[in-house]
Amino acid sequence: MSHIAAALAKSKGKAVTPPPETTVDATGPGLGVSTPPIVTAESAPPIVPPKRSPALIAGLAALAILCGGAAWWLVRRAPAEAPIVAPAPAPKASPEITAQIAAKNNTQAALVRTLSNPTPVAEPPPPAATPAASSVEYFEIVRKLAVSAVMVGSNGRAVINGKTRQVGAEVAPGLTLVEIAPGRLLFRDQAGNDYPRRF
């Protein structure tokens with residue numbers, strides 16, 4: 001401990017007297033034991049920093065130059081503006097799908113033209129002298145009618161079996177359309193029986 005205290009005191013600029021050197025006493029109880037010699041700042045060898053190899057320094061310098069050159073090359077090659085990428089073209093529909101869409105549009109356009117046309121369609125003359133059907137047959141006829149469009153109002157019309165019909169039109173022999181109401185068509189036979197049809 002005295003050696004550490006002496007070193008600390010010396011570093012602070014204080015004078016320290018070293019303890020007296022001990023000697024080996026061949027006759028005493030500490031036979032063969034001696035204290036280590038005291039090392040002072042004057043007697044200690046100087047601390048020399050390790051030498052750096054010139055090859056290591058040259059390698060580090062070359063690596064720094066290469067990294068700097070690579071960074072400069074990447075910055076120089078970067079475009080000033082981002083390239084403009086054209087959008088991908090939309091996929092084309094197959095000819096079958098295109099034909100189906102065109103047919104649907106044509107059907108809808110024809111239906112709109114039919115409903116918006118104020119001129120009544122000429123009805124074919126009723127067939128001559130057909131026997132009157134029974135109410136069960138009229139019920140089946142009304143049930144099987146294909147109602148594709150209805151326009152309700154003072155000048156109401158309905159597309160029945162592909163033909164535009166107005167109130168008073170005969171839709172089958174002996175069966176007349178008598179009313180077009182919201183959600184319902186009413187038909188009447190020659191005997192005065194009514195047959196409603198919901199749509």
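**Strands, pairs and bridges**

Analyst: Starting in the strands: A149 has V159 in β2 as its bridge partner. Keep in mind that this is a predicted model.

User: Which strands does that pairing belong to, and how many bridges join them?
Analyst: Strand β1 (residues 147-151) and strand β2 (residues 157-160). They run antiparallel, joined by 4 bridges.

User: How many residues sit between the strands in that hairpin, and which residue takes a positive phi?
Analyst: The β1 and β2 hairpin has 5 residues between the strands. G153 takes the positive phi, near 155 degrees.

User: Step back a bit. How many helices and strands are there in the protein?
Analyst: The protein has 4 helices and 7 strands.

User: In what order do they run?
Analyst: From the N terminus on, the order is α-α-α-α-β-β-β-β-β-β-β.

User: OK, back to strands. How do β5 and β6 pair?
Analyst: In the antiparallel sense, over 6 bridges. Strand β5 covers residues 175-181 and strand β6 covers residues 184-189.

User: Which residue in β6 is the bridge partner of I180?
Analyst: L185. L185 also stands opposite R197 in β7.

User: How many bridges pair β6 and β7, and in what sense?
Analyst: β6 and β7 pair over 5 bridges, in the antiparallel sense.

User: Which residues take a positive phi in those two hairpins?
Analyst: In the hairpin of β5 and β6, G183 does, near 80 degrees. That hairpin has 2 residues between the strands. In the hairpin of β6 and β7, G192 does, near 90 degrees. There, 4 residues lie between the strands.

User: Switching to electrostatics. How many salt bridges does a search of the whole structure find?
Analyst: It finds 3.

User: Take R188. What does it form a salt bridge with, and how far apart are the closest N and O atoms?
Analyst: R188 forms a salt bridge with D194, with the closest N and O atoms 2.5 Å apart.

User: Which residue does E179 meet in a salt bridge?
Analyst: R184, at 3.3 Å, N to O. E179 is partly exposed, with a relative accessible area of 30%. R184 is partly exposed as well, at 23%.

User: And E140, what does its side chain meet?
Analyst: The side chain of R143, in a salt bridge of 2.9 Å, N to O.

User: Why are E140 and R143 separated by about one helical turn?
Analyst: Because they are 3 residues apart in helix α4.

User: Where do E140 and R143 fall on accessibility?
Analyst: E140 is at 29% relative accessibility, so it counts as partly exposed. R143 has a relative accessible area of 48% and is partly exposed.

User: Now aromatics. How many aromatic pairs does the structure hold?
Analyst: It holds 1. Y138 and Y195 form it, and the pair is tilted. The rings are 6.0 Å centre to centre, with 50 degrees between the planes.

User: Why tilted?
Analyst: Because planes under 30 degrees apart count as stacked and those over 60 as edge-to-face, the rest being tilted. This pair has 50 degrees between the planes.

User: Where in the chain are the two tyrosines?
Analyst: Y138 lies in helix α4 (residues 135-144) and Y195 in strand β7 (residues 194-198). They are 57 residues apart, so the pair links distant parts of the chain.

User: Buried or exposed?
Analyst: Y138 is buried, with a relative accessible area of 3%. Y195 counts as buried too, at 7% relative accessibility.

User: What share of the protein is made up of buried residues?
Analyst: Buried residues make up 14% of the 199 residues.

User: What about the accessible surface? How much of it belongs to carbon and sulfur atoms?
Analyst: The accessible surface comes to about 15700 Å². Carbon and sulfur atoms account for 65% of it.

User: Which residues make the nonpolar surface patch?
Analyst: L56, L60 and L63 make a patch of about 300 Å². L56 lies in helix α2 (residues 54-77).

User: Last one. What share of the contacts between residues at least 6 apart in sequence join residues at least 24 apart?
Analyst: In this protein, 39% of them.

How values were computed
Residues numbered from 1 in each chain as written. Predicted model: local features only at pLDDT ≥ 70, side-chain atom pairs only at ≥ 80, totals over all residues. Heavy atoms only, no water. Phe/Tyr/Trp six-rings, centres within 6.5 Å; stacked < 30°, edge-to-face > 60°. Buried < 20%, exposed > 50% of the residue type's maximum accessible area, 1.4 Å probe, protein only. Contact = heavy atoms within 4.5 Å. Areas by Shrake-Rupley, 256 points an atom, 1.4 Å probe, with all protein chains shown as cover. Patch = residues over 30% accessible without salt bridge, like charges linked within 9 Å, V, L, I, M, F, W, Y side chains within 5 Å. Salt bridge = Lys/Arg side-chain N within 4 Å of Asp/Glu carboxyl O. Pairing = 2+ DSSP bridges.
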